[in-house]
Amino acid sequence: MLHVRNLDISYGAVKTVRGVNLHVAEKEVVSIVGSNGAGKTTIINALSGLLPVGGGEVEFRGVKINGLSPDKIVELGLVQTPEGRLVFPEMTVYENLLIGGYSRTSRGHIQKNLEEMHRTFPVLDQRKDQLAGSLSGGEQQMLAIARSLMSMPKLLMLDEPSLGLAPLIVKEVFGIIDRIHDQGMSILLVEQNVYHALSISDRAYVIENGRVTMEGTGEELINNKEIEKAYLGI
């Protein structure tokens with residue numbers, strides 16, 4: 001579905017991502033893992049069209065998307081759930097979900113998609129008239145994911161879904177991601193919580209200083225001694 005070849009990204013004169021190659025096949029969960037500041041979010045923002053690609057090529061479902069605007073990329077089916085959730089705090093849960101459903105490809109299916117989100121995230125149905133800013137961190141993360149799903153993505157990109165959440169809520173959020181995948185969704189996951197990410201991933205890429213330094217299946221990497229020492233505290 002997604003092919004990234006020799007991706008370069010710069011902030012001003014500083015090249016922060018260099019020569020990254022990765023791919024995501026249909027119905028895979030693929031993770032990009034690494035420490036804070038390694039370049040993970042920079043990569044996902046470039047794939048979403050939020051940052052310019054300095055070099056290389058990004059192809060999604062056979063279409064080159066370098067230089068396309070974020071809304072065009074969403075319409076093609078590549079949708080990001082942003083780091084920090086970024087719900088609209090002064091709008092209700094229901095209104096946040098509606099915003100997610102107004103892409104050209106999904107606006108004719110809003111009611112059907114709302115019903116599906118309420119089945120997948122029952123707490124959002126219970127809180128539908130509540131202001132999004134009054135939700136707990138875990139509930140806001142569920143809302144952010146559901147808002148993205150309202151756009152009917154072909155590939156869902158999740159940026160740091162565990163950020164700032166208590167361990168029990170992190171486990172719940174990853175359980176939801178696993179269920180979404182079981183329903184057939186392709187997922188690209190950017191995550192600092194290496195153990196949880198690798199546990200649900202078909203494949204993963206380790207990013208250090210803007211470069212891919214290691215790749216393999218989730219199982220291979222979770223049992224890799226270097227990964228254990230650097231990221232898992234073993």
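Asn-113 is buried, with a relative accessible area of 7%; here buried means under 20% relative accessible area, exposed means over 50%, and partly exposed covers what is in between (1.4 Å probe, protein chains only). Asn-113 belongs to helix α4, residues 110-120. Helices (H or I, at least four residues) and strands (E, at least two) are DSSP runs, numbered from the N terminus. Leaving aside neighbours within four places in sequence, Asn-113 is in contact with Ser-106, Met-150 and Met-152, where contact means heavy atoms within 4.5 Å.

Before going on, a word on the model: it is predicted, so local features need pLDDT of at least 70 and side-chain atom pairs count only at pLDDT 80 or more, while totals for chains, interfaces and linings use all residues. Residues are numbered from 1 along each chain as its sequence is written, and side-chain values use heavy atoms, with hydrogens and water left out.

## Around helices α3 and α4

Helix α3 spans residues 93-100, and its buried residues are Val-93, Asn-96, Leu-97, Leu-98 and Gly-100. The cover over these buried residues includes α4, α5 (122-126) and α6 (137-149).

Thr-105 sits in the loop between α3 and α4. With a relative accessible area of 40%, Thr-105 is partly exposed. Not counting residues up to four places away in sequence, Thr-105 touches Glu-75, Ser-151 and Met-152. Thr-105 and Ser-151 are 46 residues apart in sequence, and their C-alpha atoms are 7.5 Å apart in space.

## The chain as a whole

Now for the wider view. The protein chain has ten helices and ten strands. For 234 residues, a compact globule would have a radius of gyration near 17 Å, and the 17 Å of this chain agrees; the radius is taken over C-alpha atoms, and the globule rule is 2.2 Å times the number of residues to the power 0.38. Along its principal axes, the C-alpha trace spans about 45 × 40 × 30 Å. Among contacts between residues at least 6 apart in sequence, 67% join residues at least 24 apart.

Of the 234 residues, 50% count as buried. The chain exposes about 10900 Å², and carbon and sulfur atoms supply 50% of that area; the areas come from the Shrake-Rupley method with a 1.4 Å probe, and for residues only the protein chains shown count as cover. There are 23 positive and 28 negative side chains, and the centres of the two sets lie 4 Å apart. Lys and Arg count as positive and Asp and Glu as negative, without His or the chain ends, and each charge is placed at NZ of Lys, CZ of Arg, CG of Asp or CD of Glu.

## Two nonpolar cores

In soluble globular proteins, nonpolar side chains tend to be buried together. A nonpolar core is a set of buried Ala, Val, Leu, Ile, Met, Phe, Trp, Tyr and Cys residues joined through side-chain atoms within 4.5 Å. The largest such core here has 43 residues, of which Phe-121, Leu-143, Ile-145, Leu-149, Ile-180 and Ile-187 touch the most other members. Apart from it lies another core of 28 residues, among them Val-17, Leu-47, Ile-65 and Tyr-205.

Beyond residues up to four places away in sequence, Ile-180 touches Phe-121, Ile-145, Leu-149, Met-185 and Ile-187.

Val-24 lies in strand β2 and is buried, with a relative accessible area of 1%. Not counting residues up to four places away in sequence, Val-24 touches Met-1, Leu-2, Val-30, Leu-155, Ile-187, Leu-188 and Arg-203. Val-24 and Ala-204 are 180 residues apart in sequence and 9.8 Å apart in space, C-alpha to C-alpha.

Seven of the eight residues of helix α1 (residues 40-47) are buried, so this helix is largely enclosed by the rest of the structure. Those buried in α1 are Lys-40, Thr-42, Ile-43, Ile-44, Asn-45, Ala-46 and Leu-47. Gly-49, with a positive phi near 85°, follows α1.

## Loops with positive phi

Most residues other than glycine have a negative phi. Lys-27, which is not a glycine, has a positive phi of about 70°. Lys-27 is found in the loop between β2 (14-24) and β3 (29-33), and is exposed, with a relative accessible area of 52%.

Asn-209 also has a positive phi, near 50°. Asn-209 is in the loop between β9 (203-208) and β10 (211-217), and is exposed at a relative accessible area of 60%.
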